[in-house]
Amino acid sequence: SNKLLAAAGWYWLAWSAPTVGQSIDCIERAITLLRTASPRADRDDNFSAMTDRDFQLASSLQLYAENLLDQGVTDQVAALAAEARALFQSRGNLFGMGTSLGLLGRLALLQGDLVQAERCFQEIMTIGAPVNLRPLFYEWQAYLGLVLLYRGRTAEARRVLDESWQLCLQSKNKVFQARACAYLAELALWEGEVEQAAHWLAQSLEHQMTPARFTIFQVGRLLLAARLATAQQQYQRAATLFGFADQVHS
């Protein structure tokens, strides 16, 4: 009967769901409960943050936006991330504020707005630097490096991506490591270093051999592999990989 605890249950089910569709269904249920819950009547200090409505709502909005972005669905993301950011900002929660900015940066990147994407990711670094908030750097610094690369600032991109890779090694998080390696492969391919690109792509796959779900990242990495095969003049392999990327994307 406690809506906040029920919402917490749906939130964690969303995290563990095997498909993005199931995650979205669970998190929508959580958000519906949170919007109709009474912060005072349902709050129970025995359960700490699980019955803190504003914290739970902000976290759920972020998870919802992340799952939508993973599927390339962008129409609701800006509003979800902005609401979550406002809730976290009212609490002075730097990590939550940074994560909301990261979602807005990913949205801008998907929409091709590199100036806005860089602005968001740079602001995350600014938020995290004074208190050395490393979890923000683990998750978002590689995105900043990718945006700098796409903007043609390769030397700066290399510095940022090299730093990101070292941080991701410290984090021991395979998802972050896979992403950093993929973007280093992107940089190497951009610079014509084909063997180095192959090395980093292999590292990315090693750190995340069996992804739990298909997302935009998997599509991007398949396209990277196809472009690498093209550069290696392995045209049949490249065609196969482009076909895989198209199938996953659809």
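1. Burial. Of the 250 residues of the protein chain, 46% count as buried. Buried means under 20% relative accessible area, exposed means over 50%, and partly exposed lies in between (1.4 Å probe, protein chains only).

2. Ground rules. This is a predicted model, where local features need pLDDT of at least 70, side-chain atom pairs count only at pLDDT 80 or more, and totals for chains, interfaces and linings use all residues. Residues are numbered from 1 along each chain as its sequence is written, and side-chain values use heavy atoms, with hydrogens and water left out.

3. Overall fold. The protein chain has 12 helices and zero strands. Helices (H or I, at least four residues) and strands (E, at least two) are DSSP runs, numbered from the N terminus. Along the sequence the pattern reads α-α-α-α-α-α-α-α-α-α-α-α.

4. Size. The C-alpha trace spans about 65 × 40 × 30 Å along its principal axes.

5. Contacts along the chain. Take contacts between residues at least 6 apart in sequence: 59% of them join residues at least 24 apart. Contact means heavy atoms within 4.5 Å.

6. Ser 204. This residue lies in helix 10 (residues 194-207). Is Ser 204 buried or exposed? Ser 204 counts as buried because its relative accessibility is 0%. Its side chain reaches the backbone oxygen of Ala 178 at 2.7 Å. A second polar contact, of 2.8 Å, joins the side chains of Ser 204 and Arg 221. A polar contact is a pair of N or O atoms within 3.5 Å; within protein, one must be able to donate a hydrogen and the other to accept it, and residues adjacent in sequence count only if both atoms are side-chain atoms. Not counting residues up to four places away in sequence, Ser 204 also touches residues including Cys 181, Ala 182 and Phe 217.

7. Arg 221. This partner of Ser 204 sits in helix 11 (residues 216-231). Arg 221 is buried yet has no salt bridge. A salt bridge is a side-chain nitrogen of Lys or Arg within 4 Å of a carboxyl oxygen of Asp or Glu. The nearest side chain of opposite charge, Glu 186, is 10 Å away. Lys and Arg count as positive, Asp and Glu as negative; His and the chain ends are not counted. Beyond four places in sequence, the contacts of Arg 221 include Ala 178, Leu 201 and Gln 208.

8. Edge-to-face pair. The structure holds eight aromatic pairs. One of them, Phe 55 and Phe 88, is edge-to-face: 6.0 Å centre to centre, 80 degrees between the planes. Rings of Phe, Tyr and Trp (its six-membered ring) pair if their centres lie within 6.5 Å; planes under 30 degrees apart count as stacked, over 60 as edge-to-face and the rest as tilted. Phe 55 lies in helix 3 (residues 53-70) and Phe 88 in helix 4 (residues 77-91), so the pair ties together parts that are 33 residues apart in sequence. Phe 55 is partly exposed at 31% relative accessible area, whereas Phe 88 is buried at 4%.

9. Stacked pair. Phe 121 and Tyr 143 are stacked: 5.6 Å centre to centre, 15 degrees between the planes. Phe 121 belongs to helix 6 (residues 114-128) and Tyr 143 to helix 7 (residues 134-150), so this pair links parts 22 residues apart in sequence. Phe 121 is buried, at 0% relative accessibility. Tyr 143 is buried too, at 7%. Phe 121, Trp 140, Tyr 143 and Tyr 183 form one aromatic cluster.
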